[in-house]
Structure formats: C-alpha cells, structure tokens
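User: Hello! I am new to this structure and would like to learn how to read its features. Could you guide me step by step?

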Amino acid sequence: MHTLTSVADGLVPAVTLATETVSPVGETVSGGIFAVAPLLVGLPLASAAILLLLGRRADRWGHWLGVLASGGAFVVGLLTFLRILDRPADERVLDVHLGTWIDAGAFHLDAGMRLDPLSLTFVLLVTFVGTLIHVYSVAYMDHDADRRRFFAYLNLFVAAMLVLVLADSFLLLFVGWEGVGLASYLLIGFWNHHMPYAVAAKKAFVANRIGDVGLLIAMGLMFAHFGALDFATVLDDPGAHASEGTLTAIGLMLLLAACGKSAQFPLQSWLGDAMAGPTPVSALIHAATMVTAGVYLIVRSGGVFEAAPTAQLVVVIIGAITLLFGAIVGCAKDDIKKALAASTMSQIGYMVLAAGLGPIGYAFAIFHLVTHGFFKAGMFLGAGSVMHGMDDQVDMRRFGGLAPYMKITWITFMMGWLAILGIPPFAGFFSKDKIIEAAFIPTDGAQWRAWVFGTVTLLGAGITAFYMSRLFFMTFEGERRWTTKKDGSEQHPHESPALMTWPMIILAVGSVGLGLVLSLGGRFVGWLEPVTGHAEHGEPVLPAWLLIALTLTVVIAGLVLAWRRYAVSTVPVVPPLGTSLTRAARVDLYQDAVNDAVLVEPGQHLTRSLVYADHAVVDGGVKGLAHSTVGLGSLLRRAQTGYVRTYAATMLGGLLVLLVVVLVVQS
Amino acid sequence: MTFTAPDIAWGALSPVLIVLAAGVLGVLVEAFVPDRVRRPVQLVLTFGALVGSIIAVAALWSGVRSSGGRDVLEGSLLVDGPTLVLQGALGVLTLLALLVVADRTATGEDAFAPSAASVPGSEYEDLARRKGITQTEVYPLLLLATGGMMILPATGDLLTLFVALEVLSLPLYLLTGMARRRRLLSQEAALKYFLLGAFASALLIFGVALLYGYAGSLRYSDIAAAVATPSALDPLLLVGAVLLLVGLLFKVGAVPFHAWTPDVYQGAPTPITGFMAACTKIAAFGALLRVYYTVFPSLQWDLDVVLWTVAIATMVLGTVVALVQTDVKRLLAYSSIAHAGFVLTGVIALDDAGISAVLFYLLAYGVATIGAFGIVWLVRERSVSAASDDDESDEALRASVLGEATHLSQWAGLGRTSPVLAGAFALFLLSFAGIPLTAGFIGKFAVFSAAVEGGAWPLALVGVLSSAAAAFFYVRIIVLMYFTSPAHESAPDAPGAVEAGAPTAGADVALTTDDGAGAVATLVAAPAPTTTTTVVPSEGLAAVAIGVCALVTVVLGVFPTPVLDLISDVARFLP
C-alpha cells in the first residue's frame, strides 16, 4: 500500500502518487482546495449549533443563516468537484486525512474524508437539492413559531448526510448514519405536539435501529477479519482476506442496514408513516437523500458484494420484491404523500436491484438515484404546494381539476410525472431504461435471472406509470371534488409564493434535462468509473431496441388505463370497497400486521416470560409454596426476610450451577 | 526472637492513606466539632482529601509508568498502572459524587436523615427533629468506603482482598439505610444489602480458604505459580476459584448474583446510589481483572465457561428486565446490571487491550451514572395542595417539595419544562445506549473489539444485540421526556401517560407489584394524583457535577484518544 502515507499534522505538503490501476485505495492529499473540504460538513454543522444555542434570539434571521450554510456547502462541493474534474480519471480517488480519531492498542482508527466521484456526486445532490428545499422551507414554514429550530435540524441533517457520504471508514460512515437517523427523527417528530407524529417518529427510529444492528454486526465481522474498518483496507480485494462465507455474512448484514435506512423489504413499514412530518422534510429526507443512503452503502461496499455472489443475489431479490411491493401499495393510496412515499420505496427498489447486479449496475443505480432525487423531490415539493393551497388537505379524492388554479405547480409536477414514467426525453427514461436493460443481461450465464428480474422491472415500469398517472390525474385533472375548509369557509386553491415555486421550477428543469445531459456519451458512467470499475457490457437476452419499445408500451398502457379511470370517469369521493388486493394495498399489504405478529408480539412475550422467569419462577419457588400452604403464604409475604432468602437462594442456585458446569467441563 | 519492622513505602500508599486518614479524622470531627460549623468542616475535609488523593496518584504516575509498578507492604498491595488508573478514576468519580451528596438543593435539605440512627416514626426521631439535630456522618463514611475501594484493586493477596472488600462494604450498608425520605424502604434495602453482602463475603472467604488449601499461600503470585505447574487440576482449586469470582461478581451485580441491585439502588439515598453504582463497580471490576489476569490465566479454559455464562446471562437479563421497568431508579439499576455484562466481555478477552478497554468503559459508565443519578435526585414530587406552582420562594419549596419523582410517568414532558436537565439526562442515556459521539460508544467499541480480538466473538455478538435492544428503553425515556405530555395535563391516571409513550408499558403496570419485594411495592405504589413533578434548583454543587459529567461524556466520546493513550500506556499488571 504505497498510498497510506500519514499526513496527520496537516503541514506536510500534498503527497501525489499516481495510481496505476483502479483500486479502492485512494491517494492521500492535503492542502490546496482539498483543505477546505472539511467545510462541507463544518458549515451546516456550525449553523445548526448557532441556531440551537442562540435560541429565540435568532428567530428573525435564523432561517436565512440555514439557507446560507447549505448554499455555502454547495459552493465548496462545486469547487472540489471542478478541481477533481481537472485531474485525469485515474487520479480522482482522494483521501483527505483529518487526524487520528481513536488510537489505543488494537483499535487504531483515523478520521478522514474520501473524495471521489461517488461521494462528490452525493455531495452535489445533497447540497443542491438541500439548498433548494431550504429556500422552499423559508416560505412553507413561515407560520411556524419554531421555524428557526426546524432550520437547525435541517442543517444538522445536511451535515450528517455529508459525513455519511464523505466518510473514509465504515465507522465514520456509521456516525453519519446515526446522525441522519437522529436528524430525521427530530424532523419527522417536529410537530411533536401531535401524538401520531411522535409515534411515527418513533417507528422510523425503531426500524432504523434494526438496520443499525446490521451495520454494527457487519463492522464487527470486518474488524474481526480485516482488523480495520477503513474503506482502503476492507474494500481492497476483500476476497483475499476473508472466506466467501464471511463476506456473504458481511454483505447480508450491510444489506440489512440498507433495508432499514432505505425502507426496503422487510423493513419498509416506517416510510409511509414518516410522511407525518413537514413536507419539505419528506422531499429532502424521504425522497432525495437519506433513504438513498442504503443504495450508497451497497455501491460503496461493492468489493464485498462482488466477492459474495450469494449476498449479491439476495440484494437483487430484495430490490425486486420492494419494487413490486411499493408499486402495488402506491396504486391504492389516496393520501398524496403516502402515494409518493410508496413510489419512492419502489424506485429505490429499482436502485437496489441495479446495485445488486454488480459493476454493470452500480453506475445506473447512482444515475437513477440522482435523477430520482430531482424529480421525486420536485413532486414532493409540488405536493406540498398543493397542500399549501388546499388548506393542508392530503386526500386526493378531495382534489381534482386543480390545474388552472396553480399553473406552476401543475407544470412542474407534470415534468416530474413524465420523468418518473420514463417518457423520452425526460430524465427517468435515461436512467430507468438502463436499469431495465441491465436486468435483462444474464449474470454468470444464468438465463433465468435475466428473464425473472428483467420481467419484474418491466412490470414495475407499467405499474409505476399507472399509479403515478392516477396520482397526477386525481390531483390536477378531472372534476373538482373539493369540500369546504375545516372552518366551513369556501376552499380557494391558490398558487404558492415565489420562494416555493422557484425551487420547484429548478427541480423541474432537472427532471426534464438532467438525464439527457448526463447520459450523453456515457458521461456519467465514465465519471463514476474510478469507483465502480469498468464493466464489460454483456448482451441482454432481448435486443435493446425491443426492450425500449416494450417498456414504452407498458408505460403507455398504464397511463391510458389511469386516464380512463381517473381523468375521464368520475372518481368517487368516498373510496369504494375495491378488490381484496386494493384493500390489502391500502393497509400496506398488511405489513404492520405482519410486523406485529412476527416481531412485536414474540418480543413482548419474550420479555414478559423472561421477567416472569426472573421474578415469578425464581420468586415462585417461595411464592408457589406460599400459595399452596395457605396462611403461611401471607405470612411469608409480609415477612421481608422471605425475599432476601429468595435472593440468597438465587445466588446459591446460580453458584451450584456454575460449579457443576465447571466441574463437568473439566472432567 | 527479634521483630523486623517491614520497610513500608509510604509514598506509594499515599492515595489510599490520605483518604482513610481523612475518614478517621472525619469521625473525630463528627464527635467534637460544634454543630454549626460541622458540615462545612466535613465538606472541606472530604473535598481536600479526595483532591489530595488525586494529586498523589498524579505524582506517582510517571514513576509507575517507567518502572511498571512495585509491591508495597511485603507484597500485600501492588501499586502498578491499573491500580493508579483505578484509584485516579475512583478519586475523580467520588469527588463528583460528593458534589451531588453535599447538595442540599433549594429546599435546604440533603438526601440523608438528620439522625439516621433513630427508629423511623419514633419519639426520638421527633425529638431530634425538634431539637434540630443534624448529623453529617455521611462524609466520613463516604471516605472510608472510598478508601476500601481504592485498596481492593491494588491487593496482592487474598486476605487483603477480603479485608478491602469489607472496608468498602460496611460503610455502604450504612449509607444505604440513611435516606431522609421513605426511611423504611431505605432501611429495608440496607438490611437486604447487608445480609446478601455477608452471604457473598462468606462465599468469598470460603473460596480463599480452599485456595489456601490448594496452594499453601495467600499471595497471588504464589497461587499463580501453583496453578501453572502441571499437576492434576484439583477440584479444590476450581471450586475455590469459582467461589472467589462469585464474591467479586456479587459486588458488580452480575447475574445470578444481581438480585440485590434493584432493591438497594431504589432504596438508597439517590446520591449514594450514584456513588455506589459507579465506584463499587469500578473497584470490584478492578479486583476481578487483577485476579483473572494474574492469578488464574492458566485456568482460562476452565473458568471461561463460568464467565461466559455469567456474562451472557447478565447482558440478556439486565437488558430484558430493564425493558419493563416503571421506576427510573430500578430501570437504571437493571441497566447497570446489563453494563456489568458488557464490561465482563472485556474482562474475558484476557489481553492488554482488554485491560484498557475495561478501564475506559468503567470510567465512561461511571461518569454517566453519577450524572444520571444526580438528575434523578433533582426531579421531585411536589404536593399540589401545599403551595401554588408560581410561588418559588424557598419556604414554599421546602413546604411542598417531597421525595424524588421516580415513577417514569412523572418524567413525561420533562423535556419541555426543563429542557437543559432533560437534555443532559438524554445525553447520559445515549451514552448508556452506546450511540456514537458519546463516551459509552467508545467504551462499548473498545470492550467488544477486545473481546473479538480475544476470540470471544459470540460474546461480542450477544453484547451488540443486547445493547441494540437496550437502546429501546433508553430511547423510550427520551420519547417520554420529549414527546409525551406531563401526566397531570393529560390524565389523572398516571400510568396511562406512560402507556401512550411506550408500547411495553402495558406490562409495566401489572408488574409494578410483582417486581421487587412485596414490602417495597407497597411503599412505592404509583404516585397519588395530588403531586406534580418539579425540578428543584440545585445549590450549585450538583449542577456542577452534572455539567462536568455531561462534558466528560461528550469529550470522551469525541476525543477519546488522549485518555485511551493514558490508560493503555500503563495498562499492565505486575505479575
């Protein structure tokens, strides 16, 4: 490892060593523009601290400080990006060493930042979309007395997300991972005077903890086998240091973590409930950034997955299941935000599926992640704008015919809608179509995989077209189904202020053009190549032109079906009973019931029975005797010595067990 | 026959001697110094002794670091790196605990009965109260206990170990029974602690006897040599070793020797609970480390099964039972049981990384524990009838503030009424839970990675899983403090408020009476709706202690390297 030069004191001038081959080991740099890279995290973090510490004193200008910090981080990210773009492609993986974090005996850990095409893609996405959403929130949260605190949390989230993507070790990534969890917890529960919101915040927290356990175990396994947690050591040819079984275990644990964070099957239940938080939060955290962290983790740990084909296959399967699951749920939801959340789940399913396909899929997964970040955030902001104009109504059955009243929202939302459908030349066409094509390429010569997963992605595209069109038509087209406001006055739908519409317009521009711009000449795939490695393009089982034609056919079919049912014909205000599938989809395909049955209840039984074991069985020796020997029981109960005796009996019993065990083992 | 006076290195003993001498002096002060100035004198004496002891540790540090340590009193005491780390940690933590102990809060009352020797409800108690008799024996008792704790991890033979254990235990039994409020509960707890402690001591001394029978010596080094010689493994040795370990495992509250912990933690005066939970654990684990690392390393294969069983049972039971607690002191008690299990995984690792990991963990845990109990001490019940809420004068407080509000439902909404205090408590809970950027995370990471290094990865796995589960009940309190309305606002039925915040609370209500002894249950029944929860302002001392604890928790979490370096520099036992 020629590149692990320590430059801990930061005074040593830049060490420039050329990397001959594409490897996960970056060169170590310091000084120059890269010295300001820590500001990426520092700016939003400092702003969050200031806003929280100053308290009410910062109420009047606090939100603008938040916007400024996020914007500043974007500028720093852009400068770093341009600087890296200057370098030849094989020198674009850089490590900025920040110093020793923990150093004692067996556990030595450095803190550092990994600047490479993958992390910078995320930095730009997070800070750019983040800044737009900050601006939007200035107007959206205008009436909230705690707007300053909201911005502090938003900044905190941006900082944590940047730590997550810039970390150069799994441990530092974990810090960011927990940080975004905490920030999202604070943001979902922001209106914590409403009990359902607080409960939703808790649900998200719990689901994320399950995922965290996966990450912790994965780190434990890595530490046991590699003796380190930094990307450079772990991801540089992991197959040489650990058996395939170990790597499969690590991979599956990483996948569990990704499932918790990215709302993938079977840990998807929290995303819908998390929509209780303010809409800009949904746009930032639950569409563009945090929920995609799982995809980042899988792509980042690509080395581990490539050495563990079984884990990779599980990734693809999870992606495929979630893709269909989210799409089916999306078809039945009447709450506009929950429908969008289901769609997010499904789209991330596409990304996870692509990430499981190996080097061919990584670039497409990230590509789709970026375009999705734009169009989905745009649509969430659009939904927020609709709610803003409709007195916080979220039931799509109470919308309809809104297009003439909020033209900008309508048009920007339409751009996002066309993008997610994958109509050329909108952004989604370029990214999703590539994933479908990649899914149809046989892996390791296994034809069945190409057919199964390819068909699932194709089917998903059709269902996506149906439910997104349903959402769009029910909201903006058809007849008006509004009712009066809560206080009885007339509903007056209106366009949102400029601070809210401009971010939507910018995101809509991205939804239209980003796909085309980035895919010209394989630009984006080439940019990510230093990280993902160059992948030989296999041949799909069907010719590419046929796949495109097929995709467009099912998409159009879905669109037309939705048009006939939700734009032309009357949409009932009260949801009809529907088929059993519809009813199941409305309650998220019974996932809460399943969770309760599989996780919550056995857990509660376990705790109860263990408590029972500790206090009833152990005490029960005395107590049971007491019950049977009438009279003596109540005496024993009143006499406190009975209990001490129980305790002493426990100790003695425990001691005897230990002695027996030790003597048995010895003999 | 001539008697040769042993050559005593007084300097190396100074950290212990200062504390014990001040303790003895404190007894004299208690007897002879007039009432009015007694408390300030005791405070200054105790404070000075602890600071002096810390300075003595610092003075000895560089010598020990270069020489590796030395034995004193003909090998009865070993002053080496771990000894100094533990004595320093004990000094600092006792100092922090002292600040909480000494704080009388705005009510002007400390946590201790003015005349602890009087029978509760007796005429003498009445008389003493009317005469204004206030005793301050808590300070010398604290010092004597600390002295014993400082000796315990430094012992070089089994007899000194036993004596040190008794020196630290006896004052603790007394301190446990000295609570100002709920005196019967407190005295019951003291009696239980005493009886069970005596039982454990008996087991330990039995083990000592068996080991003496096997090795013919009480000195650690002699026993280690006898154990290492490849003779047939004697049941005498194995049984003796297990009994010895059990005596120490009792003190750390490891399952199945944990039963006293919740009752005693609940009954003891809250500041003492914090002291006990932090410092006893440090001392006992120090001794356990030394015994396991220097006396029995060659018995590892045989004793591992004991410690593995105990560690797994401790982690799982502590975590699981804590999940359903409704009393904050009992909850912290079970959490401390679980922590004992986590520390044990580091002990089992049996390598140098294990020593420093355990020492760091104990420090991180101790700081958070003292801080957390300091906060519990300030959160009180207040009777609604005696004074209106807006009357904040001292007299009004004195008249209306009752004991600690320990029922979890009373903590609902604390995040809104006292954000700073609740924030500090949340920080300590996060540290207990092992969330990154707190000291607890580094500690957990250190012990688990030491365990993995030492080949005990299944233990580390159980540890990670149970600390993940443990996060639920810590988070539950945070949820309760921040996302639930105060009980008296939402419903007069207090447990209902908890239920809204936590799904497991349904089981709680039924268990309150089952959990712990029946007599305890009647005394700590759910609070009457005539009280509200209030945070009494500290006199300043407890606030300082809580602030320092919070600061240390964060600093050790973010920049652990200097302290880790300091510890791992000297973390080697004298053979």
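Analyst: Let us start with a definition: a residue counts as buried when its relative accessible area is under 20%, as exposed when it is over 50%, and as partly exposed in between. Please keep in mind that this is a predicted model. Take B:F250 as a case: its relative accessibility is 1%, so B:F250 counts as buried.

User: What share of the residues of chain B count as buried?

Analyst: Of its 575 residues, 65% are buried. Chain B still exposes about 18700 Å², and carbon and sulfur atoms supply 68% of that area.

User: How many helices and strands does chain B have?

Analyst: There are 25 helices and five strands in chain B. As for how the chain meets itself, take the contacts between residues at least 6 apart in sequence: 80% of them join residues at least 24 apart.

User: How do I read an aromatic pair, and how many does the structure hold?

Analyst: Look at the distance between ring centres and the angle between ring planes; planes under 30 degrees apart count as stacked, over 60 as edge-to-face, and the rest as tilted. Over all chains there are 33 aromatic pairs. In one of them, the ring centres of B:F250 and B:W260 are 5.3 Å apart and the planes meet at 35 degrees, so this pair is tilted. B:F250 belongs to helix α9 (residues 235-252) and B:W260 to helix α10 (residues 260-267) of chain B, 10 residues apart. B:W260 is buried too, at 3% relative accessible area.

User: What about a charge and a ring: where does the charged end of B:R380 sit?

Analyst: The charged end of B:R380 is placed over the ring of B:W377, 4.0 Å from the ring centre.

User: Now for salt bridges. What is the general idea, and how many are there over all chains?

Analyst: Side chains of opposite charge can pair when their charged atoms come close. This structure holds 19 salt bridges over all chains. One of them joins B:R39 and B:E539, with 4.0 Å between the closest N and O atoms. B:R39 lies in helix α2 (residues 35-67) of chain B and B:E539 in the loop between β5 (531-535) and α24 (541-558), so this pair ties together parts 500 residues apart in sequence. B:R39 is buried at 16% relative accessibility, while B:E539 is partly exposed at 40%.

User: Where do B:E125 and B:R129 lie, and how many residues apart are they?

Analyst: Both are in helix α4 (residues 123-131) of chain B, four residues apart, which means about one helical turn separates them. B:E125 is buried at 12% relative accessibility, whereas B:R129 is exposed at 54%.

User: Finally, which residues form a nonpolar patch on the surface?

Analyst: They are A:V75, A:L78, A:L79, A:L82 and A:L85, with about 400 Å² of accessible area together. A:L82 is in helix α2 (residues 62-86) of chain A, and at 43% relative accessibility A:L82 is partly exposed.

Key:
Residues are numbered from 1 along each chain as its sequence is written. Chains are lettered from A and ligands numbered from 1 in the order in which they are written. This is a predicted model: local features need pLDDT of at least 70, side-chain atom pairs count only at pLDDT 80 or more; totals for chains, interfaces and linings use all residues. Side-chain values use heavy atoms; hydrogens and water are left out. Helices (H or I, at least four residues) and strands (E, at least two) are DSSP runs, numbered from the N terminus. Buried means under 20% relative accessible area, exposed over 50%, partly exposed in between (1.4 Å probe, protein chains only). Contact means heavy atoms within 4.5 Å. Accessible areas come from the Shrake-Rupley method with a 1.4 Å probe; for residues, only the protein chains shown count as cover. Rings of Phe, Tyr and Trp (its six-membered ring) pair if their centres lie within 6.5 Å; planes under 30 degrees apart count as stacked, over 60 as edge-to-face and the rest as tilted. A charge sits over a ring if NZ of Lys or CZ of Arg is within 6 Å of the ring centre and within 35 degrees of the ring normal. Patches are made of residues with over 30% relative accessible area and no salt bridge: like charges are joined within 9 Å, nonpolar side chains (Val, Leu, Ile, Met, Phe, Trp, Tyr) within 5 Å. A salt bridge is a side-chain nitrogen of Lys or Arg within 4 Å of a carboxyl oxygen of Asp or Glu.
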